Amino acid sequence: MDMLFQWLLLTAAVAAGWAVGRYGNRSGRASRAIMDEDSVRDRLQFLFTNYSDQAVDNFVQSLAVNKDTVSLHLSIGSHFRNKGETDRAILIHQNLLARPELPARYSPQVTQELAMDYLNAGLLDRAEALFHQLMGDREYGRRSAIALIELYQQEREWEKAAQVAKTLTRGDADPATFKALAYITCELSDGALSRNDDRWTAQKLAKEALDYDRSCVRATLLLMKLQIRQGNFREAANQSLKIFDQNPEFGPEAIDRLMKLEREHGDVSRLYKKLRKLYEQYPSTSLLLALVESVERSSGRPAAIDLLRMELETRPSVRGLLRLVEMAGYEKGMTTDEGRLVSRIGHLILANRPVYRCVSCGFSGQQLHWLCPSCKQWETVRPIQGVEAE
């Protein structure tokens, strides 16, 4: 019995030792694997930061090309492009495309990356050729078309941009694509009007832009401009008011043009009812000042001052205050030193303030850009709202 018990203890000890050894070795191997991964990462980072041209070239050339390593090649290329070293990114992606062992299914992806390298390097002709090459690809065709449109917008080649955008809209219901096509068409319309005074073509293209996007504010403003050139002032005024149905945020642009039109060819006082209704729906400083001007023409300056003072109490603005100080001074037949000081400070405040801001990226400035110079989106730069603006 004692002998049997001893054998059982020995067997259990051997089993325990085997288990500890087996799982201990597995843990050790896992630990070494992790250390190896960290070591590879450290070595790659060292190569990226302390490389020579020859060292990088040798590394890329020696790296095998297969389905398991393509992503590593692409990561290295992206690393250099993101660091601003586009020449090295181009070298890596060109080398990858030239390797006959590159699996065919990765060729469009590598071509796309190389096209982006060329675009970043300013080699626009090469980028354009590769993007066109990818236009028919199921996975990368749409991305390449969008990149082509942005390229043509950058170069102001609006005809080419319109052609690509039209191709894209055939299989793409994205509203942003139709908006881009509408604004590209507006560029063509504006070009026809400004270069050749081709009013018929300009009108045709502006209406075409509205077919692509009914809310295209610029197309409506172009039609208003055309009506003015043709002497149809009443129709031009009606066009300006359509802006409020399309996008009320651009109302100040419409009102400024409408008031200029009425001062030159119409009667500001007759706009009172329309302006009052618009102001109640879409209050803004520009609308208030237009309404005050209309009241002043029809009912006199005291009535206009009372209206402006009352509205500023509930919706204050620097522009409104400056107008009130100006009107009150004229009404009294004098301008006080205090009034002049307030006016001067107010104008200095406004002079250094942006008037427009992109609702997408925050870009701001004093000029309206239909295409944001920063994020390259259409109709996102809009009049700023607030005490110092609208």
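The model is predicted, so local features are described where pLDDT is at least 70 and side-chain atom pairs where it is 80 or more, while totals for chains, interfaces and linings use all residues. Residues are numbered from 1 along each chain as its sequence is written, and side-chain values use heavy atoms, with hydrogens and water left out.

A nonpolar core is taken here as a set of buried Ala, Val, Leu, Ile, Met, Phe, Trp, Tyr and Cys residues joined through side-chain atoms within 4.5 Å; buried means under 20% relative accessible area, exposed over 50%, and partly exposed in between (1.4 Å probe, protein chains only). The largest such core has 79 residues, and the members touching the most others are I184, I255, L275, L308, W370 and W378. Helix 9 (residues 175-196) supplies the largest share of this core, nine residues. Helices (H or I, at least four residues) and strands (E, at least two) are DSSP runs, numbered from the N terminus. Another core, of seven residues, lies apart from the largest one and includes V70, L96, L102 and Y106.

Contact means heavy atoms within 4.5 Å. With neighbours within four places in sequence set aside, W370 is in contact with Y183, V217, R218, L221, F250, Q377, W378 and E379. E379 counts as buried, at 4% relative accessibility.

D197 also has a positive phi, of about 50 degrees, although it is not a glycine. This residue belongs to the loop between helix 9 and helix 10 (199-212). With a relative accessible area of 35%, D197 is partly exposed. Within helix 10 lies E208, which counts as buried at 18% relative accessibility. Not counting residues up to four places away in sequence, E208 touches K166 and T185.

The strands come next. Two strands pair if DSSP finds at least two bridges between them. An open sheet is formed by three strands in the order 2-1-3, with antiparallel pairing. Strand 2 and strand 3 are the edge strands, each pairing on one side only. Strand 1 (residues 356-358) is joined to strand 3 by three bridges, and the two run antiparallel. Here R357 stands opposite R382 in strand 3.
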